[in-house]
Amino acid sequence: MIIYKSAKDIEHLRKSGEILAKVHGEIAKHIKVGENVLNLDKLAEKFIKNCGAKSSFLNYKGYPATLCVSVNQEVVHTIPKNYLLQEGDILTIDCGVCWSGYHTDSAYTYSVGKISEDKQKLLSVTYEALRKGIEAIEVGNKIGDIGKVIYQIAKNANLTVIKEFSGHGIGKFIHENPDVFNYHTPKTDTIRNGLVIAVEPIFTTGNGKAWKEDDGWTVITEDRQATAHFEQTILVEKGKVEVLTPFTYIEQYFVLFQ
Ligand code: MF3
Ligand code: CO
């Protein structure tokens with residue numbers, strides 16, 4: 001069952017999203033060669049606390065950190081470890097914030113210094129897929145229309161959707177109905193006002209098979225090919241689509257495509 005949001009829910013979600021957008025902006029300032037990934041996690045933890053909010057991920061089903069920081073072949077749910085960023089890496093910062101009981105969720109894949117052309121393409125196509133997926137959100141359209149667009153963009157660029165992971169409804173819980181798959185699924189719900197969903201394409205240059213590491217969380221590609229992941233929390237209200245977690249703060253400090 002989809003939990004449609006009331007005007008009061010929406011006010012809280014807006015504030016939650018604003019905080020999350022700023023957390024990402026803070027992290028963006030620190031993306032550089034030699035930065036320790038653990039430090040990024042500490043920064044996020046502090047920033048969220050100072051905003052009077054909570055991490056949505058910390059302690060979620062026992063998850064032990066504030067961020068998921070996935071480097072290169074790491075896909076999602078990567079526990080931050082003692083690792084210094086290297087020239088040529090790409091890394092996804094995935095973060096969730098809970099403010100006054102309302103969650104928002106967002107991810108961005110950064111480049112560190114100069115990256116290969118393959119990785120540049122992977123980042124720009126995945127970014128574009130998120131943008132175009134959001135454009136498919138319209139009252140009266142189907143949830144499945146989002147994935148249809150996203151999948152086609154990956155296919156056209158010869159990239160692979162990692163199908164195991166999908167977007168989701170979000171609100172008082174980090175994961176709610178509906179699933180927002182990154183490929184077309186028939187017979188999905190019709191988009192209507194009050195819907196809040198996280199849209200999150202995850203693409204790879206490889207075959208798309210992924211497996212879980214021994215830590216019980218970190219997912220990596222079987223063929224060790226790189227992955228990219230962009231995610232925003234989206235609201236549909238009064239016939240309009242609003243990005244609750246805009247990348248504007250990130251993009252004040254960080255230029256993805258130089
Ligand atoms: N953003 C992640 C998702 O939508 C949530 C990660 S929860 C964690 O799947 F506990 F794994 F961090
Ligand atoms: Co998510």
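Visitor: By class, which residues make up the shell around ligand 1?

Guide: In this predicted model, the shell has five nonpolar, three polar and four charged residues. Among the residues surrounding ligand 1 are Phe57, Cys68, Asp105 and Trp217.

Visitor: What are the distances from ligand 1 to the side chains of Asp94 and His175?

Guide: For Asp94, an N or O atom of the side chain lies 2.9 Å from a nitrogen atom of ligand 1. For His175, a polar side-chain atom is 3.1 Å from an oxygen atom of the ligand. The protein buries 94% of the 340 Å² that ligand 1 exposes when taken alone.

Visitor: How many aromatic pairs does a search of the whole structure find?

Guide: The search finds eleven aromatic pairs.

Visitor: Why is the pair of Tyr108 and Phe230 called edge-to-face?

Guide: The angle between the planes is 85°, and planes over 60 degrees apart count as edge-to-face, so the name applies. The centres are 5.2 Å apart, and rings pair within 6.5 Å, so the two rings also qualify as a pair.

Visitor: What parts of the chain does this pair link?

Guide: Tyr108 belongs to strand E5, whereas Phe230 lies in the loop between strand E13 and strand E14. The two residues are 122 residues apart, and the pair links distant parts of the chain.

How values were computed: Residues are numbered from 1 along each chain as its sequence is written. Chains are lettered from A and ligands numbered from 1 in the order in which they are written. This is a predicted model: local features need pLDDT of at least 70, side-chain atom pairs count only at pLDDT 80 or more; totals for chains, interfaces and linings use all residues. Side-chain values use heavy atoms; hydrogens and water are left out. A residue is near a molecule or strand if one of its heavy atoms lies within 4 Å of it. A polar contact is a pair of N or O atoms within 3.5 Å; within protein, one must be able to donate a hydrogen and the other to accept it, and residues adjacent in sequence count only if both atoms are side-chain atoms. Accessible areas come from the Shrake-Rupley method with a 1.4 Å probe; for residues, only the protein chains shown count as cover. Ala, Val, Leu, Ile, Met, Phe, Trp, Tyr, Cys and Pro count as nonpolar, Asp, Glu, Lys and Arg as charged, and the others, Gly among them, as polar. Rings of Phe, Tyr and Trp (its six-membered ring) pair if their centres lie within 6.5 Å; planes under 30 degrees apart count as stacked, over 60 as edge-to-face and the rest as tilted. Helices (H or I, at least four residues) and strands (E, at least two) are DSSP runs, numbered from the N terminus.
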